[in-house]
Amino acid sequence: QFCPDYYGMKHELVDCIISDELFSDLNDDPRFRQSKLSDLVTESKVVVYFPDYLLLVSSRQQLINLLHYAVYIRNVSFFILVLFMLERTSMKLRYEERKDKVVQITGPWKDAILYMMGTLQNKRYDKIFEKQFFDINQYKSLPLRDFIDKLCENFPRYQRFVDGEYQIVPREKQKRFLERIICGEECFHFSEVGSGKTKVIMPLLCQIFLSSNVEAHQYLARGG
């Protein structure tokens with residue numbers, strides 16, 4: 001992926017990506033801020049864990065720094081991966097492809113952005129990123145219990161692997177608790193916040209909500 005001539009780019013790519021962000025000031029009043037992504041770069045360190053080597057980041061700032069690093073080392077596929085994740089944060093990104101008569105984003109970098117936005121197909125990139133992501137919509141017709149088992153089977157791959165084992169693995173009791181929340185006749189209220197709920201139940205519940213699993217959404221849509 002490395003190319004010393006920057007694939008014909010005349011400007012650093014992070015200077016051509018604009019961040020639009022809504023935030024609260026010291027008086028809790030909403031404010032709108034616009035910044036070049038290059039102005040938001042700081043220093044940080046990210047660790048990629050054995051055996052899955054999936055990119056795990058703990059903050060949006062780390063993603064900004066990694067995006068800058070991906071451009072710096074001219075790695076287009078790494079750039080796409082980080083951009084996928086950054087687009088899912090609270091920032092809205094805009095790309096200044098052209099300024100006046102000057103084309104600022106071109107070549108593989110433009111293709112990378114279009115691929116990330118879903119407007120350009122690339123089977124080579126599909127093969128690369130299928131190791132980082134899995135398609136939960138492939139389980140659309142799966143029974144709910146089997147669907148939960150599939151999600152829990154995949155869940156540990158996104159956790160740290162220490163001393164020969166994953167740090168967080170959903171237990172059978174948590175699987176059935178999640179099923180109870182979805183299938184219960186009445187709305188379920190968490191009595192207290194615990195690590196099992198915030199680190200396991202809530203992430204899995206969000207995945208189910210965002211999925212297209214038919215049986216899950218039949219339960220979630222009850223009562224209107």
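Start by selecting Asp20 and Arg94: their side chains meet in a salt bridge, 2.7 Å from N to O. Asp20 sits in strand E1 (residues 17-24) and Arg94 in strand E3, so this pair ties together parts that are 74 residues apart in sequence. Keep in mind as you click around that this is a predicted model.

Now colour the pair by accessibility. Is Asp20 buried or exposed? It counts as buried, because its relative accessibility is 9% and the cut-off for buried is under 20%. Arg94, at 30%, counts as partly exposed.

Next, pick Lys110 and Glu97, another salt bridge, at 2.8 Å from N to O. Lys110 belongs to helix H3, while Glu97 is in the loop between E3 and strand E4 (98-99), so the bridge links parts 13 residues apart in sequence. Lys110 is partly exposed at 31%, and Glu97 is partly exposed at 33%.

Stay on H3 and select Trp109, Ala112, Ile113, Tyr115 and Met116, which are buried. They span an arc of only 160 degrees around the axis, so they lie on the same side of H3. What covers them? Show H1, H2, strand E3 (92-95) and H4, which are among the covering parts. Just after H3, stop at Gly118, which has a positive phi of about 85 degrees.

Time to go inside. The largest nonpolar core has 31 residues, and Leu37, Leu67, Phe79, Ile80 and Leu86 touch the most other members. Helices H1 (60-72), H2 (76-86), H3 (107-116) and H4 (123-129) are the elements giving two or more residues to this core. Which helix gives the most? That's H2, with nine residues.

Zoom in on Phe79. Beyond its neighbours within four places in sequence, Phe79 is in contact with Leu13, Ile17, Leu67, Ala70, Val71, Trp109, Ala112 and Ile113. Then jump to a second, separate core of 17 residues; Leu144, Leu151, Phe155 and Ile182 are among them.

Now for helix H6 (residues 172-183), where Lys175 and Glu172 are three residues apart, about one turn of the helix. Their side chains form a salt bridge of 3.8 Å, N to O. Lys175 counts as buried at 15%, whereas Glu172 is partly exposed at 47%. The whole structure holds 10 salt bridges.

Last stop: the cysteines. How many disulfides does the structure have? Zero, according to a search of the whole structure. Cys16 is buried at 1%, and Cys206 is partly exposed at 42%.

Terms used: Residues are numbered from 1 along each chain as its sequence is written. This is a predicted model: local features need pLDDT of at least 70, side-chain atom pairs count only at pLDDT 80 or more; totals for chains, interfaces and linings use all residues. Side-chain values use heavy atoms; hydrogens and water are left out. A disulfide is a pair of cysteine sulfur atoms within 2.5 Å. Buried means under 20% relative accessible area, exposed over 50%, partly exposed in between (1.4 Å probe, protein chains only). A nonpolar core is a set of buried Ala, Val, Leu, Ile, Met, Phe, Trp, Tyr and Cys residues joined through side-chain atoms within 4.5 Å. Helices (H or I, at least four residues) and strands (E, at least two) are DSSP runs, numbered from the N terminus. Contact means heavy atoms within 4.5 Å. The arc is that of the directions from the helix axis to the C-beta atoms. A salt bridge is a side-chain nitrogen of Lys or Arg within 4 Å of a carboxyl oxygen of Asp or Glu.
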